[in-house]
Amino acid sequence: MTDTPVTLAATDGRAARLPQKSDAPLALRGLTVSYGEKPAIFSVDATFPAAQMTAIIGPNGAGKSTLLKAALGVIPRLSGEVTSFGEPIDTARARIAYVPQRASVDWDFPTTVIDVVMMGLYRQVGLLGRFTGRLKSRALACLDRVGMGGFADRQIGQLSGGQQQRVFLARALAQDADLYLLDEPFAGVDAATERAIIEVLKSLKAEGKAVVCVHHDLATVRDYFDHVFMINVRKIAEGPVDTTFTSEALNATYGGRLAATHIDQLRLAEGA
Amino acid sequence: MTPLIEALLLQAGYNAALVAVGATLLGFAAGAAGTFLFLRKRALVSDAVAHATLPGVGLAFIIMVSFGGDGRNLLGLLLGSAVTAGIGLLAVEWMARRTRLAEDAAIGAVLSVFFGFGIVILTVIQTMGSGRQAGLESFLLGSTAGMLFQDAVVIAVGGSLAVLATWIMRRPMTLVAFDAEYAAANGVNVPAVDRLMMGLVMAVTVIGLKIVGLILIVALLIIPPVTARFWTERSNAVIWYAGALGGLSGYLGAALSASAPDLPTGPIIVLVSATLFLVSLLFAPVRGLAAAVLRHRRFQRRVHRRQGLLALSRSEPIHDELTLRVLRAEALIRADGVATETGRAQAAKIARDERRWDVAREIHQDTGLTGRYDGLTPIEQVFAPDEIAEFDRRIGGPRAVAGGV
């Protein structure tokens, strides 16, 4: 497929290109998703680099979460191509860990904290494999890493919002993946949890893993992330925070919905 | 009571024993197979599936008769019911996935249309006058009068397979029921797992037609898992608890109905199952209503105790009856409302802990620790002794206080 010239419907009026084979942890080409006839994301190209933390930012309804879900095949895509580490997404799944939004599950489900973390090992254990002591201690180690070591046998409904988010992160850690995709991991969590999560994500980055977060807090983009991807249905900009996170790009992304005073406080990169 | 005891010991005759064994196995299979349907919050789909079995029963009868066979061959009838139940299931799935209709509307449409169609076919069969049609209506509410050994074998084999499949597939089904998006991201084929859950339910429905009938089988699929949920916080345990509760309902229900003439088996089984549910709803240790009321009252008393002691420490008068009663019960105040020795010590401790918390919130800005301030958790459970000593140093008050009596 890569050596055949293909005209992609990807390029949104720009000249068609040959698809380049990318070894990036996650690469999207011409990704389009629509609900009915209204595109949620339209013809998005993106490359998420290894050993970096990337923020996906954009206004509400801009397709941030949709982008992640479509890349993973959680929702069907209308067109476009997704590769992970140079392979089709389906063959790379063992290397990818996904952290959905906390609100997407029923927290009264009959399960305990440690059971949720072990869900991250289901793929490895298979249908009938046993959870050996080694796997259990690995799950416990993941809980320790997010500061929830003492909570293993709690029913998940007894957790605070921040603790729920930490458990979800521990489940992703248990997968021992190379690419971590997180959907709004800091939404509605307490300050201590936010610090604990960012510490874990930074250590993942230090291990060479790619971390991609849908992020809503523009004030922390500069502190937390290396790379930024700005979207409002279409891609607006992508690149290093230092050069890409500019007031022009923000205005283009948010369409003037950000107050000028707000933009002033963001310690933006110099405009191009 | 003797007939009941005979029935419970399977001594009430061959047919009654057969029914009791069959109902127990069916109850177990239905409870276990219904668990994930309940956890996936799709319990009512089983009602549509159950009602969609009726046209299949009628059509199978017509086909078998027109080929010159015995129209009442059970395996043939069950096969027919499985076919239309499967079509009904796919119709619900298709409408929910491909149209703008929500699943509840799809269930309503499929349930009524298939059931109506089934009734029409049964009416047509009655006009066929072949004389052999008697008994098809028994699939509506179940009938155990003419139960054969082979019927029990069908239930045993089919039920075991359904339980086995539930156990083998418990991990993907747990994933899908708890967090379908995460399951999909992990490469689990969510629609296929959903279809499997429904397929298991369909199998149990079909083998249960004979004993409880298509209208009430849904109760056996839903009530035992709901009841089991009151007793455990782990999904794997829910499977076995639900199976046990369903089996118990089947066994007790069959014995009860055998102990008196003219008690219908299926409805009695459902009533027994509902009784177990009611008992669990009221008396389950953590999730039951009684436990919740008790917890609330205990909490209320703790709040009143603290408010009362704070009032004592500020020498404010206490008017609330409950507060006075709580303080009197612990001998913190005398009958005339004056604080006792212990009461004054406790009041001083509470007042000091309040000041400690004020300091703690100044020092520890992070909500992780100070967020646990509710006025009821003793500060010693949140902070280490050296931290508390630091608070005291800042308060500058007396460090040594009469022990925490």
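**Exercise 1. Find the annotated domain of chain A and describe its backbone.**

The UniProt annotation "domain: ABC transporter", from an unreviewed entry, covers residues 26-258 of chain A. UniProt positions are given in the numbering used here, feature names are shortened, and annotations may be inferred rather than shown by experiment. This is a predicted model, where local features need pLDDT of at least 70, side-chain atom pairs count only at pLDDT 80 or more, and totals for chains, interfaces and linings use all residues. Residues are numbered from 1 along each chain as its sequence is written, and chains are lettered from A and ligands numbered from 1 in the order in which they are written.

Next, take the secondary structure. Residues 26-258 of chain A are 34% helix and 26% strand; helices (H or I, at least four residues) and strands (E, at least two) are DSSP runs, numbered from the N terminus. The end C-alpha atoms of this stretch are 30 Å apart.

**Exercise 2. Describe the contact between chains A and B from the side of chain A.**

Step 1: count the residues. Chain A gives 24 residues and chain B gives 23, where contact means that C-beta atoms, placed from the backbone, lie within 7 Å.

Step 2: list the elements. On chain A, two or more residues each come from helix 1 (64-72), helix 2 (113-119), helix 3 (122-125) and helix 6 (191-206).

Step 3: sort by class. The side of chain A that touches chain B has 13 nonpolar, five polar and six charged residues. Ala, Val, Leu, Ile, Met, Phe, Trp, Tyr, Cys and Pro count as nonpolar, Asp, Glu, Lys and Arg as charged, and the others, Gly among them, as polar.

**Exercise 3. Work out how helix 13 of chain B packs on helix 14 of chain B.**

Step 1: geometry. Helix 13 (residues 235-259) and helix 14 (residues 265-283) of chain B pack at about 130 degrees, with axes 8 Å apart. Axes are lines fitted to C-alpha atoms, for helices over the stretch in contact, and angles run from 0 to 180 degrees between N-to-C directions.

Step 2: name the arrangement. Helix 13 of chain B is therefore oblique to helix 14 of chain B; angles under 35 degrees count as roughly parallel, over 145 as roughly antiparallel, 65 to 115 as roughly perpendicular and the rest as oblique.

Step 3: contact residues. Those from helix 13 of chain B include L245(B), G250(B) and L256(B), and those from helix 14 of chain B include I268(B), V272(B) and L276(B). By class, this contact has eight nonpolar, six polar and no charged residues.

**Exercise 4. Do likewise for helix 9 and helix 11 of chain B.**

The axes of helix 9 (residues 170-178) and helix 11 of chain B come within 10 Å and cross at roughly 110 degrees. Helix 9 of chain B is therefore roughly perpendicular to helix 11 of chain B. P172(B), M173(B) and V176(B) of helix 9 meet V190(B), V193(B), D194(B) and M197(B) of helix 11. The residues of this contact are six nonpolar, no polar and one charged.

Conventions:
Contact = placed C-beta atoms within 7 Å.
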